Amino acid sequence: MKNQGDQAPSFPQEDPKRWLALALLCLANFIVIMDTSIIGVALPAIKEALGYTQSSLQWVFNAYVIFFGGLLLLGGRLSDLFGQRRIFMWGFSILTLASLLAGLAWNEESLNVGRALQGLGSALIAPSALTIVMMLFSGNPKELGKALGFWGASAAAGGSAGVFLGGVITEWLSWQWTFLINVPVGIVAILLSPGLLAKGMRRKGSIDVVGSLFVTAALVLVVYGIVTAEHNGWGAATTVWTLISGAALFILFLIIQAVKQEPLVPLKILKAPNLAAGNIALIMLSGGWIPLWYFLNLYMQQVLKFSAFAGGVGLLPMTILIAIFMVLITGKLIGKFGLKANLVIGLIALGGSMLLFAGNTPVDGSFIVNVLPASLLGALGMSLAYIPATMSAMSGAKPEEAGLASGLANTSYQIGSAISLAIMVAIAGATTASQTGVDPAAALNEGFQRAFLWSGIVALAGAVLAFLFIRSPNQGEVSNTAAM
């Protein structure tokens, strides 16, 4: 029998404020995902203003997602121990101050620090917010399915809408405001939280600080090794030892989790049906999706010579399609065809989109012919795959492990984002450097096409793995998964 300290946090099932609370939580999800993409259109302006190189520019993205992804498990654990609302508000406090630092950055290092601290704040916000969503609506599977539709739409739309907003802000204001926009939003979220969100229940337990440090350091070293390999060479001693050190720290992290009494990640949770396979699916999904918008932004601005605003507008059709599908259609398709079918088809569509970009993005291309069709196919794939992958990644977890499961799912997505982007940037840079005696724009474009190709292969490999390892529940089981 569980004592009171081991009980799962509970919220009133008929809380009249639950939909307003959901709006706040979806706004939070939108913001933390938007912060991965809003800088996409601003990257050329940031590069020119602060002196980044073409290869180091990715740290504007990776400094955020490394600390976001690396600390999400800790954020989930903290939300379980200290209460979801408290950690949610702490996260927004850190994100708001970090965004102010990033917006006022005076050099490359200060911006990278600001982005890393933004990642820390988001790592506290995301798992606590998702846990509150699951518990607010857990008594009504139909309402929970609808709530998860809004949640998924807020995440996917945050990724795409961030690109559009980044274009508008960069064109009409300045790149600094792609960070400063978080300040008023963060203040509003902090002020509204006490009135809309229940406190949750605190549990007794300890914090695995060592495990958190090891997994975050492992991720930093692996990504750093990949990023610097383009300059130092893959066979250089610094590259090899950096990657080996990262791998060794990750192995030590797993050992610590296996022997520690209260680990950051109880490894037995991976035995839950579909949970491990769902997390792998999220890694592969982000491995295709994040490079898509990153390189598509650069293709439109650096090859097709679009302005920042035009580049943002170019991604707007993707945002609209994702919002429509996530809110109105994906949930119905899951109910009719199940998690597995939608996930596999979505990953295939995303992979096909990347292959189209790999073979149909010439230097003299046009938006209507070379960008719009493939980008809509990619958005369709994301719309079909994201919610099934997330539901699979959280399926089978016990109620008291909801924060951990949500942190693990978000971690998988962000780790996939960071590592895949680092690899694709290295591939693009090496390909561009090998193009001697050709027009610079053509050489740059050749690198982008190679990155699109390998990103497509990642997404298609994810479809194969999902087909092989995701268990196909019947309709009733899908509802049970949503009601976890």
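What is the mean pLDDT of the protein chain, and what percentage of its residues reach 70 or more? The mean pLDDT (the predictor's confidence in each residue, from 0 to 100) is 81, and 88% of the residues reach 70 or more. The structure is a predicted model, in which local features need pLDDT of at least 70 and side-chain atom pairs count only at pLDDT 80 or more, while totals for chains, interfaces and linings use all residues. Residues are numbered from 1 along each chain as its sequence is written, and side-chain values use heavy atoms, with hydrogens and water left out.

Confidence is highest in helix H4 (residues 84–103), with a mean of 92, and lowest in helix H17 (residues 475–482), with a mean of 42. The pLDDT is below 50 over residues 1–13, a stretch that has 33 contacts in the model beyond near neighbours in sequence. It is also below 50 over residues 474–484, where 25 such contacts are found. A contact here means heavy atoms within 4.5 Å. Helices (H or I, at least four residues) and strands (E, at least two) are DSSP runs, numbered from the N terminus.

Helix H5 has 29 residues and reaches 42 Å from its first C-alpha to its last, close to the 42 Å expected at 1.5 Å a residue; the expected span is 1.5 Å times one less than the number of residues. Of the 29 residues in H5, 24 are buried, where buried means under 20% relative accessible area, exposed over 50%, and partly exposed in between (1.4 Å probe, protein chains only).

Leu-124 lies within H5 (residues 108–136). Leu-124 is buried because its relative accessible area is 8%. Apart from neighbours within four places in sequence, Leu-124 is in contact with Gly-75, Leu-78, Ile-87, Trp-90, Gly-91 and Ile-94. Gly-91 is 33 residues from Leu-124 in sequence, yet their C-alpha atoms are 4.8 Å apart.

The model contains 9 aromatic pairs. Rings of Phe, Tyr and Trp (its six-membered ring) pair if their centres lie within 6.5 Å; planes under 30 degrees apart count as stacked, over 60 as edge-to-face and the rest as tilted. Phe-88 and Phe-92 form an edge-to-face pair, because their ring centres are 5.3 Å apart and their planes stand at 70°. These two residues are 4 residues apart in helix H4 and therefore separated by about one helical turn. An α-helix has 3.6 residues a turn, so residues three or four places apart point the same way. Phe-88 is buried at a relative accessible area of 0%, and Phe-92 is buried at 1%.

The rings of Tyr-386 and Tyr-413 also make an edge-to-face pair, since their centres are 5.9 Å apart and their planes are at 85°. This pair links distant parts of the chain, 27 residues apart: Tyr-386 is in helix H14 (residues 367–394) and Tyr-413 in helix H15 (residues 402–434). Tyr-386 is buried at 7% relative accessibility, as is Tyr-413 at 8%.

Helix H16 (residues 440–469) holds Ala-459, which counts as buried because its relative accessibility is 0%. Leaving aside neighbours within four places in sequence, Ala-459 is in contact with Met-284, Leu-347, Leu-350 and Gly-351.
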